[in-house]
Amino acid sequence: MGSTSTLIINGTLVDDQKQAKQELLILDGKIACIDTKITDYPEDCQIIDAQGLYVMPGGIDVHTHFNIDVGIARSIDDFYTGTRAAACGGTTTIIDHMGFGPKGCDLFHQLNVYKEYAKDMAVIDYSFHGVIQHIDDEILSQMSAMVHEEGISSFKIYLTYLYKLEDKEVLEALSELSRVGALTTVHPENDAAVTMARQKLIDEGKTSAKYHGISRPIACEAEAIARTINLANIADNAPLYIVHLSNGLGLDYIRLARQSNQNVWAETCPQYLFLDESYYEHEDGLKYVMSPPLRAIEEQDKLWQGLMDKTIDTVATDHCSFSFAEQKQQGKDNFCRCPNGMPGVETRMPLMFSEGVVKGKISPSRFVELNSTAPAKLFGLYPQKGCLYLGSDADLVLFDPELQVNISHDILHDNSDYTPFEAHPVTGWPVMTISRGVVVASNGEFLGTAGAGRFLHRAPFNKAINQIN
């Protein structure tokens, strides 16, 4: 573990508000001092020279799927390989969306399963979003205990897939989760539209990867976003978080709701900012089968505008990796049989820095806000995480703003057999990651330990909302 004290010198500290040439002292895993010059530190203090580097709060990825069983396959990254990759990419905390449990299971079932998955495996700190598969009196009665006793302050509902909720159930979930101080997150796609489109394509023999995107058009996602926003409004303006936003029409609905002071927040992912539907035409198009699918290239500019005008609040990854050589090949004759998802937890921050900060679309502080501070505030981790405050966890990433890298799976640390961003050039790369004062990655080498990550008991959303601008 090394010294329990570390002094970082010569770096530029960046948080969501400002940047300054300052030194930072870590004592016993916490930020103990920030000053222009720090002279009072322990004799055995480790000194890290951050000359030319940004020193930022570690990334927080609030949308991963590690070790998830989707029925036809189990994702290839567990909580060790997934968090190892996260750490090497500058991320120091993840919040995982748990997979579905047995039909009829209660809210605690999957939490207990996932705690077992992660406890001896995760190398960085972690939490989970609750998953709601159905609504009845028992489920509604368990929500308060999940929030206040278990520290699970956000829950996911699905408008498609096996355990989709109908509108009445969505209303009940939104109302009760709001009442007990939780944030509802939603996977918004119109299930009837998806089902109808897929069947029509299959009947016509159109089953290659490119038809996956055609089966889930923009309107299918945007309608479900608008519907859920309206249901949240009916549920007395219940707080709502839209996951993996992929298109401008959905963004317009979110923007309209925000202008009406509705409690709606949104997340997008790098795949929707850097990849487009043309990838489905490639020979390896199955790599890009995910839901929602990749969109037309013009949607990227609309999403970047949402990031710049702050209609989009966070960038997460939806990391859900399946091997291309084996698992993805299940869909070679029918896209419906291809497990949905792709890797991305390690490349999120360099991609966003290169395209966002280096190209002048967002400031370094906005980069921190999107990748760390806003996720911490929305999901009950602030100010323990996501900031450079005295007493906060010393979760840091040292970022070289000028280092040029061509992304290659050979240099990444997940358990997949590809990266969707192969050969993508970036400027800016995380060169050191520190988790609670311990260096867990340095210059591309993983230095962490399985089981070192801690489960995070998150604050209720009705308390966290006071931190949100």
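I began with Thr 427, which lies in strand 17; strands (E, at least two residues) and helices (H or I, at least four) are DSSP runs numbered from the N terminus. I note that this is a predicted model, in which local features need pLDDT of at least 70 and side-chain atom pairs count only at pLDDT 80 or more, while totals for chains, interfaces and linings use all residues. Residues are numbered from 1 along each chain as its sequence is written, and side-chain values use heavy atoms, with hydrogens and water left out.

**Entry 1: Thr 427**

I looked up the accessibility of Thr 427 and found a relative accessible area of 19%. Thr 427 is therefore buried, given that buried means under 20% relative accessible area, exposed over 50%, and partly exposed in between (1.4 Å probe, protein chains only). I then listed its contacts, a contact being heavy atoms within 4.5 Å. Not counting residues up to four places away in sequence, Thr 427 touches Phe 353, Ser 354, Val 358, Pro 401, Glu 402, Leu 403 and Gln 404. I also checked Ala 450, which is 23 residues from Thr 427 along the chain; their C-alpha atoms are separated by 30 Å.

I traced an open sheet of seven strands in the order 3-2-7-16-17-18-19, with mixed pairing; two strands pair if DSSP finds at least two bridges between them. Its edges are strand 3 (19-21) and strand 19 (445-446), each of which pairs on one side only. Strand 17 (residues 425-435) runs antiparallel to strand 18 (residues 438-442), and four bridges join them. In this pair, I found Ser 435 opposite Val 438 of strand 18.

I next looked for helices on this sheet. Helix 1 (residues 81-88) packs on it and touches strand 17, strand 18 and strand 19. The direction of helix 1 makes about 85 degrees with that of strand 18; axes are lines fitted to C-alpha atoms, for helices over the stretch in contact, and angles run from 0 to 180 degrees between N-to-C directions. Helix 12 (residues 364-378) also packs on the sheet, touching strand 2 (12-14), strand 3, strand 7 (54-57) and strand 16 (396-406). Its direction makes about 30 degrees with that of strand 7.

**Entry 2: Gln 19**

I turned to Gln 19, which lies in strand 3. Gln 19 is partly exposed, with a relative accessible area of 41%. Leaving aside neighbours within four places in sequence, Gln 19 is in contact with Thr 12, Leu 13, Val 14, Tyr 54 and Pro 364. Gln 19 and Leu 174 are 155 residues apart in sequence and 38 Å apart in space, C-alpha to C-alpha.

I found an open sheet of eight strands, ordered 8-9-10-11-12-13-14-15, with parallel pairing. Strand 8 (59-64) and strand 15 (314-315) are the edge strands, each pairing on one side only. Five bridges pair strand 9 (residues 91-97) with strand 10 (residues 125-131) in the parallel sense, and Thr 93 stands opposite Asp 125 in strand 10.

I then examined strand 11 (residues 154-158), where five of five residues are buried. Ser 154, Lys 156 and Tyr 158 point one way from the strand, and Phe 155 and Ile 157 the other way. Strand 10 pairs with strand 11 in the parallel sense over two bridges; the partner of Gly 130 in strand 11 is Phe 155. The chain passes from strand 10 through helix 3 (residues 137-148) to strand 11 in a right-handed β-α-β crossover. Right-handed means that, with the strands pointing away from the viewer, the path from the first strand over the helix to the second runs clockwise.

Strand 11 is also joined by five bridges to strand 12 (residues 183-187), in parallel. His 187 in strand 12 is the bridge partner of Tyr 158. The crossover from strand 11 through helix 4 (residues 167-180) to strand 12 is right-handed.

**Entry 3: core and whole chain**

I looked up the largest nonpolar core, which has 101 residues; such a core is a set of buried Ala, Val, Leu, Ile, Met, Phe, Trp, Tyr and Cys residues joined through side-chain atoms within 4.5 Å. Met 56, Phe 128, Ile 132, Met 143, Phe 155 and Phe 367 touch the most other members.

Buried residues make up 62% of its 469 residues.
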